[in-house]
Structures are given as C-alpha cells and as structure tokens.
Amino acid sequence: MALIFSRKIPLSYALGVFVPSAIQKTALIADHSGEFFSKRVFGEYQLEALQHFSSGSVSQPGRICWRGSSNVVLLRKLEIALREHQVDEAWVTFIDFKKLYGFPTGSMVNMLISRLSYSSDHHWLQKACDLVFLILKEKPSLLQFPVLTKLSISLARAQMPVPASMILRVMLERENMPPLTILWSVVSHMVKTEIGACLASNFLVQMCDCFLHLSAKGSVRAKVVKPDAMIFNLVLDACVKFKSSLKGQEIVELMSKACVIADAHSVIIFSQIHEMNGQRDEIKKLKDHVDEVGAPFIGYYCQFYDSLLKLHFKFDDIDSAAQLLLDMHKFQESVPNKKLRMDQEKRLLVPIGSNNLKTGLKIQVMPELLQKDSILRVKHKQELVMFRSGKFLLSNRALAKLVNGYRRHGRTTDLSKLLLCMQQDFHVLGQPSFCSVVIDACIRLGWLEMAHDILDDMDAAGAPIGSTLHMALLKAYYCREMFKEAKALLRKMRKAGFVVNLSDENHEMVDTACLSEAANNASSSSSKSDLIDFLVREMREEQKAIPSVVYELNSSIYYFCKAKMMEDALKTYKRMQHKKIQPTVQTFSYLIDGFSSLGMYRDITILWGDIKRNMGSKNLEVSRDLYEVLHLNFLRGGYFERAMEVIGYMKERNMYCDKWMYKDEFLKLHKNLYRSLKASEARTEAQSKRLEHVKAFRKWVGID
C-alpha cells in the first residue's frame with residue numbers, strides 16, 4: 001500500500017515512523033491489514049496519515065513504505081535512543097509504546113530505568129522512581145534487582161532521600177538488599193540532611209524488624225537483610241549530628257537485638273547519645289572496658305571521657321568529675337601493652353538498663369575493633385578534655401566547671417587538693433599552671449577569700465606560689481579597703497621572704513591609684529587566659545540549666561520502665577509533679593516506652609494530655625522523635641483521633657512526617673479496619689467519629 005503524503009516530516013522522525021507523543025495525546029488505530037493511522041488533534045483540525053519505515057532522508061514529501069509493524073519500529077527507536085543516551089527521546093518513545101502495547105520487554109524497561117539513573121537531573125531521577133512504582137503496580141516481574149540498586153544510589157547522591165528511601169523499602173519488602181558496601185554509600189549520602197537522616201534511621205528500624213522476623217522463622221534470607229556495624233554507625237552519627245537522641249537510643253537497642261557487634265566508632269557514638277539523653281549510668285558501664293584499651297586508642301577515646309565528664313557536671317557530681325580526671329591520668333600511665341593483651345579480640349557484653357535485669361538487653365562490644373574500610377569519619381567534639389601530643393589537656397571550660405562547682409558547694413580545700421594532684425598530671429590548654437591560673441581568676445573576679453584560702457592550702461602542702469599572685473591579692477585587698485585581711489597577708493608574705501615596701505601602720509595612706517596600677521601589672525600574665533570568661537559564662541548558664549535532680553529522677557524512671565515496674569515509674573513521675581520539677585522529653589519518652597512494652601496504650605493517651613499541658617505553658621519543646629513515638633503508639637492502640645492530632649502538631653511545626661512508616665504500621669495492624677463500612681452504617685456516634693478519623697488517616701498516608 002502507498003500513500004502520497006503532502007506534508008513534510010520533521011527530522012526527529014528520521015527513524016522511519018511517525019510516532020505519536022504521549023504529551024500530545026496521540027492514539028494509534030490499527031486495522032486488520034496492519035495499516036496504522038495517526039490521529040493528532042491540533043485545535044480544530046486533525047491530521048490523518050500513514051507512514052512507513054524508511055531509512056533514507058525524510059526531509060521532503062513523498063511516497064513512504066512500511067517495513068514491519070509499529071511495535072517493532074517503536075522498540076527499535078527506543079533501543080537506539082537508549083544506546084545513544086538520548087533520554088528525552090527514549091522517554092517519549094516509551095510513553096507512546098506503553099499506551100499502545102503496554103510495557104516493552106523486561107530488558108528494555110530495565111535499560112530505560114538504568115539510563116534515567118545515570119542522569120544528574122532530579123527530573124529524570126524522579127521519572128525513574130515513578131516508573132519503578134508503576135511497574136510494581138502493573139507488572140512487577142519485569143524489574144531486575146540490580147537496576148533498583150543503581151537507582152537507589154543515584155537518588156541518594158542527588159540528595160533525593162525520600163525517593164531513595166522508597167526504593168530501599170521496596171527492596172526490603174522483597175527480602176533483598178544491595179551489597180553492604182553499596183548500602184553504606186546510599187546511607188552515607190542520605191544522612192547528610194536532616195530529612196535523609198530521619199528516613200535512614202526509620203529504614204534501619206524496619207530493616208532490623210525484618211531481620212528479626214526472618215531469623216525467628218529460621219529463614220536463610222535473614223542474612224541478606226541483616227545490617228552491619230557500619231550502617232548503624234552512620235545512622236547513629238547522624239542522630240548525634242541532628243540531635244535525634246531518642247531515635248539514637250532506639251537504634252542502640254536494636255543493635256543489641258540484631259546481635260551486631262559494636263566497634264570503637266560505635267562506643268564513641270554511644271557515649272554521645274547517652275550524654276544527650278542524660279544517661280550517665282549507661283556510659284559508666286562502658287568505662288570499665290574503655291579503660292583497658294591499648295595505647296593506640298588512648299587519644300581516640302578522649303571523646304568518650306569528654307561525654308562522661310559532661311554528665312558528671314550535669315548531675316552536679318563534682319567528686320565523680322574530679323575522680324574521672326585522676327583516673328584518666330592513671331589510665332594513661334598504665335596503658336596495657338598491646339602485645340601482652342590476649343583478649344583484645346574478645347567480645348564483651350554490656351547490659352542496657354540495669355545490670356540486675358534478667359530479661360534486659362546486652363550489647364556486644366569490641367572497644368579495639370576499627371573497620372579498615374570504614375567510610376565514617378566521626379567528628380570529635382571535645383569541649384572539656386583534649387588529647388595533644390600524647391597528653392591529656394584540660395580546657396579552660398572544664399576548669400571553670402570544676403572551680404565553679406567547688407565554690408558553689410563551699411569546698412575550696414577540696415579544690416586545692418585536686419589542683420595539687422592534677423598539677424603534674426594535666427596541663428591547662430595554653431596555660432603553665434593550674435593553681436596560678438585559678439588563683440589569679442579568683443582575684444580578678446573578686447573572690448578574694450577563695451584565692452587566699454587556695455594560697456594557704458598551697459603553702460601548707462609545701463607547694464608555695466610565687467610573690468606575684470600574693471602581691472596581686474594584697475593590692476586587691478587594699479583597693480577594697482579590706483585592711484584586716486591585707487595585714488594578715490603582709491605578715492605571711494614577709495615570713496615567706498617576699499620583699500614588701502609597704503608599712504603596716506600606713507597602709508591606709510597608700511595611694512589607691514598606684515596600687516591599682518601595680519595590681520594590673522602583677523596580673524598581666526593572666527590576661528592571656530580565658531578562664532575568667534568561662535567562669536562568668538558558667539555562672540550565667542547554670543541559671544538556665546536543667547537542675548541535676550531532673551537527671552537523677554529521669555535515671556530512676558528509665559530503670560523502672562526497663563524493668564517494667566510502671567507503678568514505681570509513675571510514682572517517681574508524680575513526685576516530680578508534686579515538687580513542681582519540670583519533666584523533660586526524656587521523661588515522657590521513657591514512660592511511653594514502658595507503657596508500650598506492656599501494651600498499655602490508654603495510659604499513653606493520658607500522658608499525651610500532660611505533654612500538651614506542658615507545651616501549652618511553654619515549659620516543654622517536643623522533639624520530632626517524641627511525636628513519632630506517640631504517633632506510632634496511637635496507631636498500635638487504635639487511637640486514630642490522637643494519631644491525627646499528633647500529625648497536626650507536626651505539621652504546625654513544619655516537621656517531616658515519614659508517611660511510608662506510618663502506612664506500613666497501619667497495614668500490619670489495621671489493614672481491613674472499616675474498609676467497607678460507610679458512615680451511615682455506624683452503630684454509635686463514637687464508631688462514626690472513629691470511622692471518620694480512620695478514613696482521614698488512610699487518605700493522609702495514601703491508602704485510599
């Protein structure tokens with residue numbers, strides 16, 4: 001058959017067939033003779049034509065001949081476009097083919113997804129993701145697993161964490177995951193952003209749940225979906241970075257349940273998670289093992305000691321803080337020789353919660369294990385203790401916390417003893433002497449009695465301080481007209497052999513201006529120190545800090561909840577309320593976790609009322625982690641009105657909601673709930689309202 005075609009054919013159709021575009025709403029109609037008509041609507045007119053395959057030029061109108069069906073022609077065109085990386089042309093051709101014949105061959109579909117995955121354009125990457133879900137809906141057998149792997153890493157690299165997590169979850173649902181090294185890369189890119197870190201952590205939770213489920217069934221697929229320490233470390237490090245401490249705690253516990261061995265990186269991140277949650281006892285359980293690591297790890301674990309020291313100060317436990325500093329020196333001096341340590345490869349079991357809990361979790365730890373091919377670089381945020389040139393250095397901030405703590409408790413003598421003990425063991429960052437720096441700071445802040453007491457303690461201990469600081473204190477006494485104290489100091493200075501040109505009898509007549517100038521000169525050496533600034537800052541911050549009693553009560557609540565002793569946990573919580581002690585996010589998180597472990601979801605709804613009251617009074621700022629825990633528990637308990645209420649709060653605060661996770665939880669527990677029930681068929685008003693909330697939730701997550 002031949003057709004005289006009087007219209008020029010665009011060069012873009014040089015492959016030999018006039019292929020309609022899906023964008024232009026084209027339809028092809030075939031008759032029994034194999035002839036195809038093209039109908040394209042352009043405003044008020046139609047173009048109908050037959051075109052035939054031609055390998056020559058089509059720039060001029062003329063007679064065109066068919067050779068093969070449009071099915072073959074379209075496939076050929078798609079193949080050439082993919083081979084030549086013409087993504088736009090390939091996509092248009094695919095859409096046309098799909099409208100006519102459905103999906104092309106599996107190899108062609110996977111090649112298209114693969115080509116789209118190579119693009120750095122977010123538009124094409126999203127198209128690839130959409131195509132995957134279209135195939136999953138209509139013909140899932142076409143998809144090849146390696147293509148999904150390639151797409152997931154491309155999406156992650158392009159900082160598209162939402163579709164990247166969707167592809168990972170698709171693979172997990174099929175109980176198949178990429179090789180761990182590739183999964184490391186995907187996760188490492190996802191956790192660069194807060195939303196990506198949220199999705200990566202939730203995906204890891206689902207991954208662990210899948211592993212535990214398959215392990216319980218004895219399935220061989222369990223090994224395929226088991227995460228390793230690197231995945232945990234990447235996600236936990238992101239939890240620290242984005243201050244997602246409650247999620248971090250959940251993942252630490254999942255690491256124990258999944259029997260994944262924690263390495264040196266893990267221990268460091270654990271300490272930071274526990275520090276954020278105020279869980280001092282949890283870090284102390286690790287300390288005994290960390291103290292025994294070999295020499296190469298001393299500096300590495302400086303961050304661990306820094307976190308523990310911060311918690312001692314938060315608990316207002318100055319004695320423990322001081323003892324830790326002394327222990328660090330002893331630990332440094334008695335580091336075991338690595339060659340003599342025969343148990344360095346031994347797995348240690350560290351309990352989570354109380355040591356006395358028979359049913360408690362235990363996590364496997366190897367403090368001297370470091371992955372050689374690790375892609376994680378833990379950023380150490382050492383604020384109190386640092387490690388330089390093989391020595392521990394105490395920062396001025398740490399020294400300020402010690403001085404302020406002892407001063408607040410009126411224990412100057414104990415401070416003097418500590419300073420003497422630490423004098424040889426530690427160095428102040430940028431300063432020559434602990435004692436001199438502290439005394440000088442006390443003088444300049446007007447704490448003259450404290451400075452005098454430390455000077456006396458130093459003399460009594462046989463470690464006298466030079467004349468410069470004595471003179472500075474003397475001048476300060478004169479300037480403040482504390483003549484009695486000045487007279488006593490003068491006698492002491494003369495007895496010590498210091499040359500003093502002032503007369504006891506005429507000290508009232510001394511020119512104050514001259515003395516002030518002398519005092520400035522005597523104290524000039526301390527102008528290089530920022531200890532005073534840190535002391536002033538500490539006094540300001542302690543007024544805003546969470547009271548130490550809150551950390552103590554939270555620790556008790558945490559223990560009771562882990563032991564499932566909810567009556568005792570509630571008594572402690574009510575004691576906080578009675579004493580008007582403000583609960584924290586951790587307080588409510590521990591209680592929710594305890595109630596959830598016993599299936600006491602109604603009690604969580606009551607607790608939600610307390611949380612809202614605290615938010616209303618501006619005393620509590622709820623984190624996304626806590627909202628997420630509340631929402632999941634309301635879903636499990638079937639409290640859909642409360643679940644939608646939590647969603648409302650998250651939306652108001654522009655918090656990201658992981659709909660996939662919530663949808664998955666709903667389908668596990670309530671898949672067919674009210675699926676066919678109409679509002680008119682509800683028997684009671686309560687059932688009618690519940691039906692309304694269930695439908696609202698289903699619509700929100702995209703089930704209906």
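Modeller: A residue is called buried under 20% relative accessible area, exposed over 50% and partly exposed in between, with a 1.4 Å probe and protein chains only. By this criterion Phe640 and Phe666 are both buried. The model is predicted, so local features need pLDDT of at least 70 and side-chain atom pairs count only at pLDDT 80 or more, while totals for chains, interfaces and linings use all residues. Residues are numbered from 1 along each chain as its sequence is written, and side-chain values use heavy atoms, with hydrogens and water left out.

Colleague: How is a pair of aromatic rings described?

Modeller: One gives the distance of the centres and the angle of the planes. Rings of Phe, Tyr and Trp (its six-membered ring) pair if their centres lie within 6.5 Å; planes under 30 degrees apart are stacked, over 60 edge-to-face, and the rest tilted. The whole structure contains 22 aromatic pairs. In one of them, the centres of Phe640 and Phe666 are 5.8 Å apart and the planes stand at 70 degrees, so this pair is edge-to-face.

Colleague: Which aromatic cluster includes Phe640?

Modeller: Phe640 forms one cluster with Tyr662, Phe666, Phe697 and Trp700.

Colleague: How many disulfides does the structure hold?

Modeller: A disulfide is a pair of cysteine sulfur atoms within 2.5 Å; the structure has zero. For Cys210, the nearest cysteine sulfur belongs to Cys208, 9.9 Å away. Cys210 is buried because its relative accessibility is 15%, whereas Cys421, at 42%, is partly exposed.
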